[in-house]
Amino acid sequence: MTKPHLIVIGNGMAGCRAVEEILARDADRYRITIFGAEPHVNYNRIMLSPLLAGDKSFDDIVINDLAWYADNAIELVASDPVVAIDRKIQTVTARSGRVESYDTLILATGSDPFIIPVPGHDLQGVVTFRDMDDVGAMLRAADAGGDAVVIGGGLLGLEAAHGLSLRGMKVTVLHIMPTLMERQLDEAAGWLLKEALEARGQTILTGADTAEIYGQGKVEGVRLKDGRDIPAALVVMAVGIRPNVKLARAAGLAIGRGIHVDDHLVTSDANVLAVGECVEHNGLVYGLVAPLWEMCRSLADGLVATPSGYTGSVTSTKLKVSGIDVFSAGDFSGGEGCEDIVMRDAARGIYKRVVVKDDRVIGAVLYGDTQDGNWYFDLLKKQQDVAEIRDALIFGQAFASGGAASANPNAAVAALADDAEICGCNGVSKGRVVGAIAGGACTLDAVRACTKASASCGSCTNLVEGLLAVTLGAAFNGERTAPTVCKCTSFTHEDVRRLILEKQLKAIPEVMQALHWMTPDGCSSCRPALNYYLLCAWPGEFIDDNQSRFVNERMHANIQKDGTYSVVPRMWGGVTNPKELRAIADVAEKYEARMVKVTGGQRLDIFGIKKEDLPAVWADLNAAGMVSGHAYAKALRTVKTCVGSEWCRFGTQDSTGLGIKTEQMTWGSFMPHKFKIAVSGCPRNCAEATIKDFGVICVDSGYELSIGGNGGIKLRGTDFLCKVATEQEALDHCAAFIQLYREEARYLDRTAPWVERVGLDYIKARIVEDVEGRVALTARFHFSQRFMQDDPWAKRAAGDDYKLHQHLAEIRPLATPSLVAA
Amino acid sequence: MSAVGEWLDIGPVDQLPALGARTLPVRGGREIAIFHTANGEVYALANQCPHKQGPLSQGIVHDTTVTCPLHNWRISLVTGEALGEDKGCVPVIPVKIDGGRILIGRAAALEGVA
């Protein structure tokens, strides 16, 4: 018996989701064909904004790739839209003339952007913001440069404007109403939003009524009814959408504003269903994504399982403009019997308003802090009685649920209902996430892989992690297999390093923008890490960001508890001479150093230097031929040596000479953490090479190399890497190992924990066994060193960055004049 | 405004590094740190962390916070309060910008001067 034929018109989010829901209930019921107008597989239309902004690539926003169609034996007819339906003989006809007959037909034709019919609306350069073609046209316009006008200050318009301004266009938003997003936000939140967008360089004109779009053949500008004139090379119309009902109307189905459907999404023809933005249910049409998921569930239930019945959707809105958090849900227009609970925190830019009527939440507007959006939305949908928590309601779930919840943030997710939505981008409920975890997905990545929750914009990552913690209890170790860089991001160190290379990110703000950093300019944990990752990824290209360096690396000296600095000049291999010693002695006296100390790494450390004196100290040391010892840096520190065969009766090789060569090769190279090397002339190991990051022990027949040791809090002896015959081989292995560490370890990982994490076998495979790979690593190290071996002291001594050393001015209250510029 | 004035002009804003700070010693008093945030705001605090008197001017500035270089206490540039779990407060000196010049409150700047 052949299976009944299900045809879906529309290869968008609604059409494909309906198919997914049907397959989940009964994978073998239908033979399925999907017709789509666009040449693409099904992609996430609400992620067009990040695509435009450059945060995502097309591959990132694909929901169902070709393999999904193949695996489920679905025939995808792309670029060939259906142009007619004959309900009598149950066939559809595509533009190409292809005719297919159906047993069941699903219309998922979506909606069309509304074009305001002003003069010039058909000029070249006027686009909408609805599909991949629109994004392509906008990107081409952005590449060509110039100004853009976005007509419409709603969700879509603002996301378009944000994307275009990130792409370098000067953007003006024209909005006919007095405040932005007036259907979702109240006046106060709309005003905050306007301020925030203007601070980012957009021009927002409210109450702006477009009279015409003018230009010779293509757009040159927009004229307003009040006579104002805004030049533009691109005009984006984002004033609204309306259901696409053309096919349904021609086929004689019952139509209102959208295609009429009943509670099971069946149209006036029992064999024809409709779903998504093209339908009208109970007098309502929807333009947001959440109702679509709910409709698809009811459609599938009605078609192949137990009918559940769609009862309409309550919707909430989130704006996807990174760094600006906006949430709204329900009714906030006020009115009789409504109470407003409002909280403002101007310093933090937070505005919250919850509207309560008859002890039920009926609306919420959140600006700046939207963490509790899901909770308010849940209270609203459930119509839960909030009388008991009324006083604490505005402070959010943690407060309102009492002390236990505020002490344990996971209690908040535990308290969410099973059908509460966790991931808005992909319509994933708490129940599905918990189900996936129970089914064996016990890491964030696994949950992302099998439910898509938090896999699109990432803003619900914390919720998903909370669910992992709550569901798995002690089995969930509280963190991902790999930790995030810091609290500013949900990405791991490895993610960030990979994405820097993949997306060719070359500046700290660019990384933060592209990877949705949650803070405006990071923190003292992530900025130094990003600075290092960029420095390592783009040698010679990336310009070091001094303000993202810890104090010691910024000042090229070690800060001490009293705010003075200590200075360590480089002594190659721990060897010095009278001229250097004299210079150090002179500096110590001249600048009143309170102590000179021999360090563990065989150097001399001059203590108690004031930050104003540092450039002069360095000038004096430079004059004696000494450069920075980098005793302050996450970099090559010292190569410690013993006297070796030149003097020692036990010495087997010239350990001092090899140490000096090693230090001359490696100095100046920044790394994830400090890096120490030692070379011992015989197995008595006087240079303590077996507690260094890279250690060499000379023997009669060559050089034994070992890695991953350190003194410090947790003592770790090195692991033996390999034995080599010549000095040159020892140097090459050292360079390769350092480069592997530079490229793959997490910032602030020393080699010891890194080697333990990745395993000695891995390091051996990369450095010892893979000869070609080792040669490439060594070459990359030497390439990077071309830009690194540049004495930072000399530049400062010559006056670079003087602001870091000199006072801005000095106040002398008892003298006249009272202020003396420094 | 009196001849002495309530505000002290301490120099042009462009002498402050973006996302950084500079110091302003007060003879007979305590040193002041002048901070410059990413969006161009200027703040002034006593240059002493409430924890172990670390020089806040040498910390990393992010948003309206500076992280002390000695033990990573985070101090609000706006209120002078330690953030997070840490408790403590450092004096805030009022700042205003006028015609590209930095002005700081005289009384607060001279507090503690013998």
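## A parallel sheet in chain A

Strand 11 and strand 18 (residues 234-237) of chain A pair in the parallel sense, over three bridges. Within this pair, A:Val127 stands opposite A:Val236 of strand 18 of chain A. The model is a predicted one.

The two strands belong to an open sheet of five strands in chain A. The order is 11-18-12-13-14, and the pairing is parallel. Strand 11 (126-128) and strand 14 (203-206) of chain A stand at the edges. Each has a single partner strand, so one side of each is left without a neighbour in the sheet. From one strand to the next, the twist averages 20°.

## An antiparallel sheet in chain A

Chain A also holds an open sheet of four strands, in the order 30-31-33-32. Here the pairing is antiparallel. Which strands are at the edges? They are strand 30 (558-559) and strand 32 (595-598) of chain A, and each pairs on one side only.

Strand 32 of chain A pairs with strand 33 (residues 604-609) of chain A in the antiparallel sense, over four bridges. In this pairing, A:Lys597 stands opposite A:Asp605 of strand 33 of chain A. Helix 21 (residues 578-590) of chain A packs on the sheet and touches strand 32 and strand 33 of chain A. The direction of helix 21 makes about 15° with that of strand 33 of chain A.

## Helix 14 against helix 16

Two packed helices are described by the angle between their axes and the distance between the axes. Take helix 14 (residues 430-438) and helix 16 (residues 461-472) of chain A: their axes come within 10 Å and cross at roughly 50°. Helix 14 and helix 16 of chain A are therefore oblique to each other. Their crossing is right-handed.

Helix 14 of chain A brings A:Lys430, A:Val433, A:Val434, A:Ile437 and A:Ala438 to the contact. Helix 16 of chain A brings A:Val464, A:Leu467, A:Leu468, A:Thr471 and A:Leu472. By class, the residues of this contact divide into eight nonpolar, one polar and one charged.

## Helix 17 against helix 19

Helix 17 (residues 493-502) and helix 19 (residues 526-537) of chain A pack at an angle of about 45°. Their axes are 10 Å apart. Helix 17 and helix 19 of chain A are therefore oblique to each other. Helix 17 of chain A passes helix 19 of chain A in a right-handed crossing.

Which residues make the contact? From helix 17 of chain A come A:Val496, A:Arg497, A:Ile500 and A:Leu501. From helix 19 of chain A come A:Tyr533, A:Leu534 and A:Ala537. The contact has six nonpolar residues, no polar residues and one charged residue.

## Where the chains meet

In the contact between the chains, 33 residues of chain B touch 23 residues of chain A. Three elements of chain B give two or more residues to the side that touches chain A: strand 1 (7-12), strand 2 (20-24) and strand 5 (60-62). Strand 2 of chain B gives the most, with four residues.

What is the make-up of this side of chain B by class? Its residues divide into 19 nonpolar, ten polar and four charged.

## Confidence

The model scores ipTM 0.90 and pTM 0.55. Chain A averages a pLDDT of 88, and 95% of its residues score at least 70. Chain B averages a pLDDT of 89, with 96% of its residues at 70 or above.

One stretch of chain A calls for separate mention. Over residues 403-407 of chain A, pLDDT stays under 50. For these residues the model has seven contacts beyond four places in sequence.

Technical notes:
Residues numbered from 1 in each chain as written. Chains lettered and ligands numbered in written order. Predicted model: local features only at pLDDT ≥ 70, side-chain atom pairs only at ≥ 80, totals over all residues. pLDDT = per-residue confidence, 0-100. Contact = placed C-beta atoms within 7 Å. Nonpolar A, V, L, I, M, F, W, Y, C, P; charged D, E, K, R; others polar. Pairing = 2+ DSSP bridges. Axes fitted to C-alpha atoms, helices over the stretch in contact; angles between N-to-C directions. Parallel < 35°, antiparallel > 145°, perpendicular 65-115°, else oblique. Left-handed = near helix turned anticlockwise from the far one by under 90°.
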